[in-house]
Structures are given as C-alpha cells and as structure tokens.
Amino acid sequence: MSERRLADLLAMWRIRAFEEKVRDLRAEGPIVGSVHLCVGQEAIPVGACEVLEPQDALFATYRGHGWALARGVPAEPLFAELMGRASGVNGGRGGSAYFTAAEYGFHGENSIVGAGAPIACGAALAGRHDGSGRVAVSVFGDGAMNQGAVHEAMNFAAAFSLPVVFVCENNRYSELTPIAGMVRSPRLADRAAAYGMPGHRIDGNDAEAVRFHMRDALEVAREGGGPTLLECMTERLVGHYIGDAETYRQPGELERIRRREPIARLRAGLLADGVPEREIDAVERRARAEMDAAAEAARQAPPADPATAMEHLYA
C-alpha cells in the first residue's frame, strides 16, 4: 500500500512542481499570456487518469496542465508549448489555454467555460460506432455546471446512454465567486438525478477515492450503462489566474486549506504509516529536479517560426 501511495505522491509532486515552475517562468517572461494553475487539485487527475485506457478521450479546461501530465504528456514539450517553442506539443501555437496532445489521449483544453462537455459527447458517440470501446471524459469546474452547454451535454449523454464521465472539479469558487453564493443547493452531484444518471460527490483531495469512483464510472460506461457525474471536492491554493489578487478569500482561509490539500494529507498519512521522512522528501526532490531539467531544455529550444502560422488550417 505504501508503494502505491508513494507513486501517487510522486505523480502529484510532478504536477505541483510543473505548475510552480510555470508560475516562475510566467513572472520571468518566457511564458506569456493567460495562465491558470491547478495547485492544490493534483489528486483528481492523478487518480482519474491511472484507470483510463489508451483509447479513451480526455477533454480538460484551461486549468489542464495537470491533466495532461497525468495522461502521460511529457513535461518538456509541454513546457515548450507554454513558452511558444517549436518543440512544443503543438509547435508553440496553442500556449497554455489551447494545447492538445491527441497521441496521448489528451484532446485538448478549451478556453470557453464548459465547451468541452458537448465535444466529449461527440467523441463518445464516435466511439460507439468505430468499435474502439472509447470512453470520453469531460473535466470542468463548479462554475461550468451552470453553463447551458454542460446541461445540454449531460442531457444528450444520458438520453442516448453515451459512454461519458463528467468530472466536476469543485474548488468552491466559480472564478472569483463562491459557488454557495450562486446556487441554492451547492451539492452539484445531486443534479445528475434529473438527467437519469448516477452522481457522486467524492473527496477530490484523495487520489485513491478518485481512482475508485472513476474506475466504477468507466465500467458503467463501457458496459453500455451511460454517463456518470463525479463531483470532486477540492480547493485551489492559488488564484483563479496568475495575477489574481484573491481579495474574495476569507481571512485565514489559505492556512486552513493548506492543512488538507492532497500532498500535505498524503505526506502526513505516509509518516503515520511509518514511511521514513527522508524517503518522502526524496520524492519531492526527484519531481522538482525532473521539472527543472524539462523546463531548461524547453527554454533552449528554438521559438516557433511565425512563417508556419498558417499551417494546419483549411484553405
């Protein structure tokens, strides 16, 4: 069991170290444009992606670096994409908000809130007819649950029993507004019943809990049982975007949530189980060294050539 949890810790530290490196590069200048980090939410992609099959299609939001890494996208071309380098996963064209890596089953971020949900339905519908056994996974935040596109996607997926898993990362803030101030019932998983599909609220700061429920949802989808909604409760330790002043937070809020964020919780659990502290700390050092090396290699790559901007477009 400790080996499994140490592997989860390494996967989460890789995402955390990547995101913190992105934050630093954004401040220094190699990364420009809008950037949204998932610091504090690492357990959800780590738990969910482990049980996906290679043919499954994952659609994330603009807070999707962690999902790409958990899906297997290497860090160096991902850093390069964010830095506008030719060696990026999309040749430096997509940046933070629009990159994709279909060869890894990561079918892109989407900068329109909730827009990935109907696209996931299309991938699921295609999977029904191409014999691939594909399940589509759509990831979005709690604020996106109020988007019409998400409602339509859930209704469509349920009506036609499509193999889709809807994953709501409920970090309790719909951009800058607490979700409790936007809806009468903040338990978003309850909405699934209205569509005639299962809905579960789970601990999104526990990778094993996410893994357990995602495995079940995937099994239901593959057996023709249709979609499932997983509401993963978590918190982000950073602003909605880099530069967010976070004036909406209550005094002492960050200190409280840092005690229950996934890496801190898992570290405490491993220590309680008798895993040596030096072994736990070595996991963080390994992840940070990997991300430092990947970022530096990406920084040395040539920038994207503007002359190629019209490639991959329809005439």
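How many helices and strands does the secondary structure of the chain come to?

## Overall fold

The secondary structure of the chain comes to twelve helices and seven strands, where helices (H or I, at least four residues) and strands (E, at least two) are DSSP runs numbered from the N terminus. The radius of gyration is 19 Å, close to the 20 Å that the globule rule gives for 315 residues, so the chain is as compact as a globular protein of that length; this radius is taken over C-alpha atoms, and the rule is 2.2 Å times the number of residues to the power 0.38.

This is a predicted model, in which local features need pLDDT of at least 70 and side-chain atom pairs count only at pLDDT 80 or more, whereas totals for chains, interfaces and linings use all residues. Residues are numbered from 1 along each chain as its sequence is written, and side-chain values use heavy atoms, with hydrogens and water left out.

## Burial and surface

Of the 315 residues, 53% count as buried, a term that means under 20% relative accessible area, with exposed set at over 50% and partly exposed in between (1.4 Å probe, protein chains only). The accessible surface of the chain comes to about 13900 Å², and 53% of that surface belongs to carbon and sulfur atoms; such areas come from the Shrake-Rupley method with a 1.4 Å probe, and for residues only the protein chains shown count as cover.

L125, F156 and F160 make a nonpolar surface patch of about 260 Å². Patches are made of residues with over 30% relative accessible area and no salt bridge, like charges being joined within 9 Å and nonpolar side chains (Val, Leu, Ile, Met, Phe, Trp, Tyr) within 5 Å. L125 belongs to helix α6 (residues 116-130) and is partly exposed, at a relative accessible area of 32%.

After α1 comes G29, whose phi is positive, near 125°.

Helix α12 has 24 residues and reaches 35 Å from its first C-alpha to its last, close to the 34 Å expected. Its buried residues, among them I280, V283 and M291, pack against α1, α4 (75-82) and α11 (262-272). R286, in helix α12 (residues 277-300), is partly exposed at 47% relative accessibility and, leaving aside neighbours within four places in sequence, is in contact (heavy atoms within 4.5 Å) with L10 and R14.

## Salt bridges

A salt bridge is a side-chain nitrogen of Lys or Arg within 4 Å of a carboxyl oxygen of Asp or Glu, and by this rule the count comes to 28. R16 and E42 meet in one of them at 2.5 Å, N to O; this pair links distant parts of the chain, R16 in helix α1 and E42 in the loop between α1 and α2 (43-49), 26 residues apart, and both residues are buried.

R211 and E208 form a salt bridge whose closest N and O atoms are 2.4 Å apart. Because these two residues are three apart in helix α9 (residues 207-222), about one helical turn separates them. R211 is buried at 2% relative accessible area, whereas E208 is partly exposed at 36%. Both take part in a network of salt bridges that links R4, D8, E50, E208 and R211.

Terms used: Expected span 1.5 Å × (residues − 1).
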